[in-house]
Amino acid sequence: MMSIIETNFGTRVDPNRIALGSASNITKQGAFFVFSLRVESDDVREYAFTSRDRAVAMRKVLISHMASKITEDMVKKVNG
């Protein structure tokens, strides 16, 4: 299923790519694997895990949640 949304201005956006761009790569800082997620322009959340597998899995889940939020926000803006 295509998840590309057309905005009021006629531009098409892909929420999955926007969400992927809002998450940083996983880096190792000391004993932790860390990544950050930009929820809003002034709201950056940082997540740290002791296992790389957990960090990768949680990053994937949070990116999918972010894509759902972006889709919902876009639909709300288009419909009123």
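**Figure 1. Salt bridges in the predicted model.** Three salt bridges are counted, a salt bridge being a side-chain nitrogen of Lys or Arg within 4 Å of a carboxyl oxygen of Asp or Glu. The model is predicted, so local features need pLDDT of at least 70 and side-chain atom pairs count only at pLDDT 80 or more, while totals for chains, interfaces and linings use all residues. Residues are numbered from 1 along each chain as its sequence is written, and side-chain values use heavy atoms, with hydrogens and water left out.

**Figure 2. The salt bridge between Glu-40 and Lys-69.** The N to O distance is 3.2 Å. Glu-40 belongs to strand β4 and Lys-69 to helix α2 (residues 52–79), and the pair links distant parts of the chain, 29 residues apart. Helices (H or I, at least four residues) and strands (E, at least two) are DSSP runs, numbered from the N terminus. Glu-40 is partly exposed, at a relative accessible area of 41%, and Lys-69 is partly exposed at 31%. Buried stands for under 20% relative accessible area, exposed for over 50%, and partly exposed for values in between (1.4 Å probe, protein chains only).

**Figure 3. The salt bridge between Asp-73 and Lys-69.** The closest N and O atoms of Asp-73 and Lys-69 are 3.3 Å apart. Both residues lie in helix α2, and because they are four residues apart, about one helical turn separates them. Asp-73 has 31% relative accessibility and counts as partly exposed. Through shared partners, salt bridges join Glu-40, Lys-69 and Asp-73 into one network.

**Figure 4. The salt bridge between Arg-45 and Asp-43.** The closest N and O atoms of Arg-45 and Asp-43 lie 3.0 Å apart. Arg-45 is partly exposed, at 39% relative accessibility. Asp-43 is also partly exposed, with a relative accessible area of 23%.

**Figure 5. Aromatic pairs around Phe-35, Tyr-47 and Phe-49.** The model has two aromatic pairs; rings of Phe, Tyr and Trp (its six-membered ring) pair if their centres lie within 6.5 Å, and planes under 30 degrees apart count as stacked, over 60 as edge-to-face and the rest as tilted. Phe-35 and Tyr-47 are stacked because their ring centres are 5.5 Å apart and their planes meet at 25°. This pair connects strand β4 (residues 32–40), which holds Phe-35, to strand β5 (residues 43–49), which holds Tyr-47, across 12 residues. Phe-35 is buried at 2% relative accessibility, whereas Tyr-47 is partly exposed at 24%. Phe-35 also forms a stacked pair with Phe-49, with 6.2 Å from centre to centre and 10° between the planes. Phe-35 is in strand β4 and Phe-49 in strand β5, so the pair ties together parts 14 residues apart in sequence. Phe-35 and Phe-49 are both buried.

**Figure 6. Lys-28 over the face of Phe-33.** Lys-28 lies 4.6 Å from the ring centre of Phe-33. A charge sits over a ring if NZ of Lys or CZ of Arg is within 6 Å of the ring centre and within 35 degrees of the ring normal.

**Figure 7. The largest nonpolar core.** A nonpolar core is a set of buried Ala, Val, Leu, Ile, Met, Phe, Trp, Tyr and Cys residues joined through side-chain atoms within 4.5 Å. The largest one has 16 residues, of which Ala-19, Ile-26, Phe-35, Ala-55, Ile-70 and Met-74 touch the most other members. Strand β4 and helix α2 each supply at least two residues of this core. Helix α2 gives the most, with seven residues.
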